[in-house]
Amino acid sequence: MNVLLNKVRMALVGGLFFFVGSAMAIPVYVGRFNVFNGPSLTLAPQPLSAREAAALLYGGVFSDYAISISNSLDPDSITHSAWLDGYFDTQYLETAAAEDFVTVPSSGLYNEYPAYSAWVCDHADCVADGFQSSEGWGGFNYTNYVWRLKATDPIQLGEPNSILLILSAFLALSMGRRLRGKKNSN
C-alpha cells in the first residue's frame with residue numbers, strides 16, 4: 001500500500017513540475033519592429049536575424065523570443081517567420097523567411113551580396129535617413145511581431161509559479177528521505 005501511495009505522490013510531483021514548467025513557457029507579446037526602421041545600408045550594419053533584432057531591441061538573448069509576421073495577439077498564431085531585406089535582393093520581402101534566418105557575408109557587414117537582415121533599411125525610405133515613412137519595397141510595411149518565450153522579470157514569471165516549483169522540489173526531496181528511511185529500517 002505504501003509503495004502505491006509513494007508512486008501516486010511521485011506522479012503528482014511530476015505532473016506539478018510539468019504544469020509549472022508549461023505555465024512559464026507561455027509566449028507573451030512584447031512588441032514589434034519594422035525591418036526598415038533599422039540602420040541604413042549606407043552604414044553597413046551587422047546583419048541580424050529577426051530573433052537577434054528582438055534581443056537587441058527588447059533585451060535578453062535571441063533564444064528568449066519567437067517572431068511572427070501575423071499581427072494577431074493570439075499566441076497560437078505565431079508563425080516563426082520574419083520579413084528580411086537583402087542586399088540587391090528582395091526575395092524575403094515577398095516571402096517571409098524563418099525567424100532565425102540571416103546571411104552574413106565574408107565582411108561581416110551588410111555591404112555586399114549575399115547579405116540578409118531583419119533589421120536594416122535598404123529597399124525603403126529609411127527613418128534613419130530622416131524619412132517619415134517606413135514603407136518600402138512594394139509599398140508594404142514589413143513588421144515583425146515579437147513574443148517573449150522566457151520571462152526574465154519576476155513579475156512576468158509570476159511568483160506563484162516560482163513558489164510552486166520550490167514546494168514541489170521540497171516535496172520530492174522529503175519523499176526521497178522517507179523512502180530511504182524505510183529501506184534502512186527493514
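The legends below describe close-up views of a predicted model. Local features need pLDDT of at least 70 and side-chain atom pairs count only at pLDDT 80 or more, whereas totals for chains, interfaces and linings use all residues. Residues are numbered from 1 along each chain as its sequence is written, and side-chain values use heavy atoms, with hydrogens and water left out.

View 1. Strands (E, at least two residues) and helices (H or I, at least four) are DSSP runs numbered from the N terminus. Asparagine 144 has a relative accessible area of 0% and is therefore buried, a term that means under 20% with a 1.4 Å probe and protein chains only. Its side chain reaches the backbone nitrogen of tryptophan 83 at 2.8 Å. Beyond neighbours within four places in sequence, the residues in contact with asparagine 144 (heavy atoms within 4.5 Å) include Phe33, Ala50, Ile67 and Ala118.

**View 2. The open sheet of three strands, in the order E1-E7-E2.** Pairing, which requires that DSSP finds at least two bridges between two strands, is antiparallel in this sheet. Strand E1 (28–34) and strand E2 (65–68) are the edge strands, each pairing on one side only. E2 and E7 are joined by four bridges, and isoleucine 67 stands opposite valine 146 in E7.

**View 3. Helix H2 (residues 50–58) and its packing.** Ala50, Arg51, Ala53, Ala54 and Ala55 are buried in H2, and the buried residues of this helix pack against E1, E2, strand E3 (81–82) and E7. After H2 comes glycine 59, which has a positive phi, near 90 degrees.

Terms used:
Buried < 20%, exposed > 50% of the residue type's maximum accessible area, 1.4 Å probe, protein only. Polar contact = N/O pair within 3.5 Å; in protein donor to acceptor, adjacent residues only side chain to side chain.
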